[in-house]
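I opened this model to look up its pockets, its sheet and its helix packing. My notes follow in the order in which I looked.

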Amino acid sequence: MGIFNNLFKKKEENTESTVNQQNISKHFESENDFLEKFGAIALEKQRNLYNVTGGLSWNVDMNKEEITFGDDLIFPMQVLGSFSYSSETWLWIWENKAGGYAESVMKQALLLKQYGEENNIDLLTVGKFDAVENDLHLIGMIAVEMFNGSGYYLGNYGQGTMVVTIKSDIIDQVESEELARILTVFPELISTFEIQNHKNAFTNYLSQKGYELTVNENEIKAEKNKNVINAVFNDDNLLIKLNGNS
């Protein structure tokens, strides 16, 4: 469990310009649309993050806008909000009026709010709502992909869980066996979230990974270098078979 340093001390600086300078890089129109377009890529980043930070204690410094893992892994962070165990509600950081947080630490959350208002996405615009654990993961995944982050972290601080995003070359450069990663991440995605069209999600994921796709009705063959992945879907575009070899 982490300990908050200077949790309620607000920076005395004008951060409006830094908020306006950070642009959202991707587009989606609903929660399902996001999961089909970017869900697998976002989930894959979490495995890189875990490889670097898994099992280490954590601590945040709101003044420095940093999260520390163990003794010496220090990364810049953005805070999205928190989940309360007692009320089982999510609270966006910009809705936390009592926190006194600096605007600079919530610039991603503010931009997501603006994006949600422009695209009628309630998840991003309702300041406080009843939530479940998957909502925290979805919010983290959205922020990571929209701002090209390295991952998100769910920090349990006893009374609740804080969700932050992290950016680090150390995390981005983690090496993995690609075939095994894909065959693990995609089933995890569709078992964790209710996604309407698995076929679309798979196509987007493998295309983003640089695979050449061959579609034959309900079957997709993906090839890259020596990796070959085969996926079969039913008439409702739900995955029924997935395998690969290299």
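Entry 1, pockets. I started with the largest pocket, whose volume comes to about 420 Å³. I kept in mind that this is a predicted model. I counted 20 lining residues for the largest pocket, and the ones nearest its centre are Gln46, Arg47, Leu49, Tyr50 and His137. Helix 2 (31–53), helix 5 (133–146), strand 7 (151–156) and helix 7 (178–192) are the elements that each give two or more residues to this lining. Which element has the largest share of the lining of the largest pocket? I found that helix 2 does, with seven residues. By class, I noted nine nonpolar, seven polar and four charged residues in the lining of the largest pocket.

I then turned to the second largest pocket, with a volume of about 320 Å³. The second largest pocket is lined by 20 residues, and Ser82, Leu91, Asn96, Tyr101 and Tyr157 are the closest to its centre. Two or more residues of this lining come from each of strand 4 (73–84), strand 5 (89–92) and strand 8 (160–166). Strand 4 has the largest share of the lining of the second largest pocket, five residues. I wrote down 11 nonpolar, eight polar and one charged residues for the lining of the second largest pocket.

Entry 2, helix 2 against helix 5. Both helices had come up in the lining of the largest pocket, and I looked at how they pack. Two packed helices are described by the angle between their axes and the distance between the axes. For helix 2 and helix 5, I read an angle of about 80° and axes 9 Å apart. Helix 2 is therefore roughly perpendicular to helix 5. On the helix 2 side, the contact is made by Glu31, Phe34, Leu35, Phe38, Gly39, Ile41, Ala42, Leu43 and Lys45. Helix 5 meets them with Leu138, Met141, Ile142, Val144 and Glu145. I sorted the residues of this contact into 10 nonpolar, one polar and three charged.

Strands of a sheet pair through backbone hydrogen bonds, either parallel or antiparallel. Here I found four strands in an open sheet, in the order 9-10-11-12, with antiparallel pairing.

Helix 7 does, touching strand 10 (219–224), strand 11 and strand 12, and its direction makes about 170° with that of strand 12. Helix 8 (residues 198–208) lies across strand 9, strand 10, strand 11 and strand 12, and runs at about 165° to strand 11.

How many bridges join strand 11 (residues 227–233) and strand 12? I found six, in the antiparallel sense. Val232 has Lys241 in strand 12 as its bridge partner, and Phe233 stands opposite Leu239 in strand 12. The hairpin of strand 11 and strand 12 has five residues between the strands, and Asn237 takes a positive phi near 65° there.

The other hairpin I looked up is that of strand 2 and strand 3, with four residues between them. Glu65, in its turn, has a positive phi of about 55°. Strand 2 (residues 58–61) and strand 3 (residues 66–69) pair over four bridges in the antiparallel sense. I noted Phe69 in strand 3 as the bridge partner of Trp58.

Definitions and conventions: Residues are numbered from 1 along each chain as its sequence is written. This is a predicted model: local features need pLDDT of at least 70, side-chain atom pairs count only at pLDDT 80 or more; totals for chains, interfaces and linings use all residues. Side-chain values use heavy atoms; hydrogens and water are left out. On a 1 Å grid over the protein atoms alone, a cavity is a set of points where a 1.4 Å probe fits but cannot get out, and a pocket is an open set with protein on both sides within 12 Å along at least five of seven lines; lining residues have an atom within 4 Å of a point. Grid points are joined across faces, edges and corners, and a volume is the space filled by probe spheres set on the points. Ala, Val, Leu, Ile, Met, Phe, Trp, Tyr, Cys and Pro count as nonpolar, Asp, Glu, Lys and Arg as charged, and the others, Gly among them, as polar. Two strands pair if DSSP finds at least two bridges between them. Contact means heavy atoms within 4.5 Å. Axes are lines fitted to C-alpha atoms, for helices over the stretch in contact, and angles run from 0 to 180 degrees between N-to-C directions. Angles under 35 degrees count as roughly parallel, over 145 as roughly antiparallel, 65 to 115 as roughly perpendicular and the rest as oblique.
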